[in-house]
Amino acid sequence: MSNNQFKEDLVASIPRLRAFARSISGNRDRADDLVQETLAKAIANKDKFTEGTNLTAWLITILRNQYYSVGRKMQREVADPDGEHAASLESKPQQNGHLEMRDFLSALQVLPDDQREALILIGASGFSYEEAAEILGVKIGTVKSRVSRARLRLEDLMSGVERFERSEVAIAESASMINDALTV
């Protein structure tokens, strides 16, 4: 089929496409958009049309698929005419998170060695309490107690109940320990 013949057949199909689009969308403007999208896709995919078959049927299939694809997409979208939903999706600046992490890494070095070690085994390495107890050579209850005390102390340190010195050395030591624990 020549390009001119293809274009003529496309133009001749427009009234039937509009009628079908209006029947499924129920909206004149939406129907016109569907027809326009269908024609654009048909032109872009002309090489996929099998000459000698029904062009209008092929176009209606494209239109129907477009209608249902857009419909599925719209079902996942949230109506937000006044922008309230979008405003609730704002992300907070990341600087505070970075500073809090530095505080945490400093505070981690304030903990006694046995508490810090138990906390890192459980929290960073992902060992179970049983596995951590075996690694440390202590009872499970001892590991649970150390982890619990470490968490409570970290909470006090991070909330300002207990003061501690923030240092680059402590940050580096904690970061190294956690990094080692994550690669186990």
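Trainee: How much accessible surface does the protein chain have, and what share belongs to carbon and sulfur atoms?
Mentor: About 12400 Å². Carbon and sulfur atoms hold 51% of that. Keep in mind that this is a predicted model.
Trainee: What percentage of the residues is buried?
Mentor: The chain has 184 residues, and 27% of them are buried.
Trainee: How many helices and strands are there?
Mentor: Nine helices and zero strands. Along the sequence the pattern reads α-α-α-α-α-α-α-α-α.
Trainee: Switching to packing. At what angle do α6 and α8 pack?
Mentor: About 100°, with the axes 8 Å apart. Helix α6 covers residues 113-123 and helix α8 covers residues 140-159. Because of that angle, α6 counts as roughly perpendicular to α8.
Trainee: Which residues meet there?
Mentor: From α6, D114, Q115, A118, L119 and I122. They meet V143, R146, V147, R149, A150, R151 and L154 in α8.
Trainee: And how do the residues of that contact divide into nonpolar, polar and charged?
Mentor: Seven are nonpolar, one is polar and four are charged.
Trainee: New topic: K7. Which helix is it in?
Mentor: K7 sits in helix α1, residues 3-25.
Trainee: Is K7 buried or exposed?
Mentor: Exposed, because its relative accessibility is 53% and the cut-off for exposed is over 50%.
Trainee: How far is K7 from I43 in space and in sequence?
Mentor: They are 8.5 Å apart, C-alpha to C-alpha, and 36 residues apart in sequence.

Conventions
Residues numbered from 1 in each chain as written. Predicted model: local features only at pLDDT ≥ 70, side-chain atom pairs only at ≥ 80, totals over all residues. Heavy atoms only, no water. Helix = DSSP H or I, 4+ residues; strand = E, 2+ residues; numbered from the N terminus. Buried < 20%, exposed > 50% of the residue type's maximum accessible area, 1.4 Å probe, protein only. Areas by Shrake-Rupley, 256 points an atom, 1.4 Å probe, with all protein chains shown as cover. Axes fitted to C-alpha atoms, helices over the stretch in contact; angles between N-to-C directions. Parallel < 35°, antiparallel > 145°, perpendicular 65-115°, else oblique. Contact = heavy atoms within 4.5 Å. Nonpolar A, V, L, I, M, F, W, Y, C, P; charged D, E, K, R; others polar.
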